[in-house]
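Please load the model in your viewer and keep the selection tool at hand.

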Amino acid sequence: MSYNLNGLTNVNVELTSRCNKSCWMCGRRKVERDYPELALKYGDMDFELIKKIVMQLPSNIVVQLHNNGESLLYPRFGEAVRLFNRQITNLVSNGKLLVKKADEIVGNLDTIAISIVENDPESDEQYEIIEEFLKIKGDNKPFTILRLNG
């Protein structure tokens, strides 16, 4: 039996660098506040670039659709995720758009981790959104993980 290791097991694809939360521990908020001249101009990845990335990736690697942005803000999120149908897709999200984007998430992603932030003033709303999303999703993918931060 031989094993072939090409070295690539995981790739991060940040569909958007935009975010719809202001979490207290996020480094981007400190930069925006204390060093505004260094702050990035946030935006979305060109959809054609996503297509080019997909064509270069091997099958069965993990594609993490997150880095610092909230990927569910990407205008063509569902289309983008479906392009990675040969890979294992994972998303980290703050969960605010789970219900609104459920038709683009359920059955398309393999896993989703929802960040729960300590002392979040929006925690009650987040709980209700997660509860509704889990009802919509039922036993379908994505496997859902609650990620406690803080």
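**The largest pocket**

The residues that line the largest pocket comprise 11 nonpolar, 10 polar and 6 charged ones. Bear in mind throughout that the model is a predicted one. The space inside the largest pocket amounts to about 450 Å³. If you then colour by secondary structure, you will see that helix 1 (27–34), strand 3 (88–93), strand 4 (111–117) and strand 5 (143–149) each contribute at least two residues to the lining of the largest pocket. Helix 1 is the element that gives the most to this lining, with 3 residues.

H66 belongs to the loop that runs between strand 2 (62–64) and helix 3 (77–83). Which residues does H66 contact, leaving aside its neighbours within four places in sequence? Show N12, V13, S71 and V92, and you have the residues that H66 is in contact with on that basis. With V92 on display, turn to its backbone oxygen, which the side chain of H66 reaches at 3.5 Å.

Next, select K21, N94, K96, E122, E125, Q126 and I129, which together line the largest cavity. By the rule applied here, the count is 1 cavity of 30 Å³ or more, and the largest cavity holds about 40 Å³ of space. How does its lining divide by class? There are 4 charged residues, 2 polar ones and 1 nonpolar one in the lining of the largest cavity.

**A charge over a ring**

Now select R76 and F47 together, and orient the view so that the ring of F47 can be seen from the side. The charged end of R76 sits over that ring, at 3.7 Å from the centre of the ring of F47. A search for aromatic pairs elsewhere would return nothing, as the structure holds 0 of them.

**Two backbone details**

Select K141 and P142 and display the backbone, where the peptide bond from K141 to P142 is cis, with omega near 15 degrees. P142 is placed in the loop between helix 5 (123–137) and strand 5. For the last stop, select N60, which lies in the loop between helix 2 (47–56) and strand 2. Phi of N60 is near 65 degrees, and this is a positive value in a residue other than glycine.

Technical notes. Residues are numbered from 1 along each chain as its sequence is written. This is a predicted model: local features need pLDDT of at least 70, side-chain atom pairs count only at pLDDT 80 or more; totals for chains, interfaces and linings use all residues. Side-chain values use heavy atoms; hydrogens and water are left out. Rings of Phe, Tyr and Trp (its six-membered ring) pair if their centres lie within 6.5 Å; planes under 30 degrees apart count as stacked, over 60 as edge-to-face and the rest as tilted. A charge sits over a ring if NZ of Lys or CZ of Arg is within 6 Å of the ring centre and within 35 degrees of the ring normal. On a 1 Å grid over the protein atoms alone, a cavity is a set of points where a 1.4 Å probe fits but cannot get out, and a pocket is an open set with protein on both sides within 12 Å along at least five of seven lines; lining residues have an atom within 4 Å of a point. Grid points are joined across faces, edges and corners, and a volume is the space filled by probe spheres set on the points. Ala, Val, Leu, Ile, Met, Phe, Trp, Tyr, Cys and Pro count as nonpolar, Asp, Glu, Lys and Arg as charged, and the others, Gly among them, as polar. Helices (H or I, at least four residues) and strands (E, at least two) are DSSP runs, numbered from the N terminus. A polar contact is a pair of N or O atoms within 3.5 Å; within protein, one must be able to donate a hydrogen and the other to accept it, and residues adjacent in sequence count only if both atoms are side-chain atoms. Contact means heavy atoms within 4.5 Å.
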